[in-house]
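Hi,

Here is the structure I promised to pass on. Have a look at it first, and then read my notes below.

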Amino acid sequence: MSPWTLLALPPLPEAFVRDLLAPLGDRVDVRVPAARDRDALLAALPDAEIVLGDWTGTLVLDGVAVAAAPRLAFVQQPSVGVDGHDLGALTAAGVPLANTPGVSAVAVSEWCLAAALALARRLVAGDTAVRAGEWPQQSLRPYELRGRTVGVVGHGPIGVACAELFRALGCEVRFWTRTPREDPAYQDLGALLAGSDVVVVVIALSEETTRLIDPALMKPGALLVNAARGEVVDQAALVRALRSGHLAGAALDVFETEPPPPGDPLRELPNVLLSPHVAGVTPEASGRLLTAVVDNLLAAVEGRELTGVVNGLPPTVRRKSFGTTTR
């Protein structure tokens with residue numbers, strides 16, 4: 001059988017991409033777009049049978065892109081989030097889309113715990129003050145998280161890992177997810193927001209979850225930790241809540257625009273911890289990600305069952321050729 005044409009979209013040098021995909025051997029013909037822009041993507045798609053996605057969201061498979069890829073049989077996204085891809089168009093075209101669930105759960109959950117502790121203990125403010133020659137020992141007013149109520153929005157692998165860590169710290173943990181659960185820790189979203197001292201957001205972005213979190217509905221004096229996507233939180237409402245003092249602080253690893261542009265008020269607020277979308281970026285998580293991606297690509301070209309298919313199609317890949325479909 002001839003090699004599968006694999007179009008790789010990650011923002012990495014071509015030689016590095018080829019090294020990462022070397023375990024696939026001669027089963028695939030690896031290609032990359034001529035440039036990292038939409039025109040180059042559309043020009044490369046007609047020959048593509050497998051697409052390895054771009055975790056930055058710069059190059060995505062929307063409806064137009066899917067239509068430009070008549071031979072496309074499988075999309076492997078090297079991240080948990082699949083926002084930007086048109087799941088409906090891929091499903092209609094019979095193209096399974098897989099993500100990498102769970103590979104960053106440890107990394108992201110540890111970041112969420114660390115961020116919440118940094119906010120509660122006023123670590124950034126203390127560091128800034130001492131560097132400026134101040135000694136605010138009596139004015140910082142840090143507090144403990146033990147015994148506080150933590151509400152986790154999202155109950156996938158990352159949400160479950162967050163709940164485990166905060167419970168280990170002695171927090172009372174509640175969670176909300178789009179599918180109601182028969183679990184005493186499950187709460188309605190409104191009740192969770194109104195009753196939590198810390199709200200941790202780790203839910204996937206979709207039309208249903210865009211601006212899901214309105215900080216005005218949160219408990220006065222609460223903390224917000226967002227490691228999901230910037231669009232899941234109403235960012236304008238977050239700025240108002242932080243400026244007014246309704247929220248005591250926020251830790252953000254994600255933003256509506258990345259990086260936040262000059263003049264973004266979040267960059268000026270002293271009660272915000274800003275992080276450059278690195279919650280899931282550790283050597284350990286990257287290793288698990290690479291293993292998951294290569295294993296799934298091997299499964300695809302060898303006709304074995306895939307893992308992590310998110311658009312409801314059977315977890316198998318069928319090769320398309322001249323308008324017919326073959327294994």
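What share of the chain is helix and what share is strand over residues 22-311? Over that stretch the chain is 32% helix and 14% strand, and the end C-alpha atoms are 28 Å apart. Helices (H or I, at least four residues) and strands (E, at least two) are DSSP runs, numbered from the N terminus.

Before the details: this is a predicted model, where local features need pLDDT of at least 70 and side-chain atom pairs count only at pLDDT 80 or more, while totals for chains, interfaces and linings use all residues. Residues are numbered from 1 along each chain as its sequence is written, and side-chain values use heavy atoms, with hydrogens and water left out.

Residues 22-311 are what UniProt lists, in an unreviewed entry, for "domain: D-isomer specific 2-hydroxyacid dehydrogenase catalytic". The UniProt annotation "domain: D-isomer specific 2-hydroxyacid dehydrogenase NAD-binding", also from an unreviewed entry, covers 114-279. Such annotations may be inferred rather than shown by experiment.

Six strands make an open, parallel sheet in the order β7-β6-β8-β9-β10-β11; strands pair if DSSP finds at least two bridges between them. β7 (172-176) and β11 (272-274) are at the edges with a single partner strand each, so one side of each has no neighbour in the sheet. Five bridges join β9 (222-226) to β10 (247-252), and V225 sits opposite A251 in β10. Helix α9 (235-244) packs on the sheet and touches β9, β10 and β11, where contact means heavy atoms within 4.5 Å.

Helix α7 (157-168) has 12 residues. Its buried residues (buried is under 20% relative accessible area, with a 1.4 Å probe and protein chains only) are I158, G159, A161, C162, A163 and F166. They pack against α5 (105-120), β6 (149-153), β7 and β8. After α7 comes G170, with a positive phi near 100 degrees.

One more residue to look at is D197, in the loop between α8 (189-195) and β8 (198-201). D197 is buried, at a relative accessible area of 15%. The D197 side chain makes a polar contact with the side chain of K219 at 2.7 Å; that means a pair of N or O atoms within 3.5 Å, one able to donate a hydrogen and the other to accept it, and residues adjacent in sequence count only if both atoms are side-chain atoms. Not counting residues up to four places away in sequence, D197 touches R148, T149, K219, A222 and L223.

Cheers

Key
Axes fitted to C-alpha atoms, helices over the stretch in contact; angles between N-to-C directions. Buried < 20%, exposed > 50% of the residue type's maximum accessible area, 1.4 Å probe, protein only. Expected span 1.5 Å × (residues − 1).
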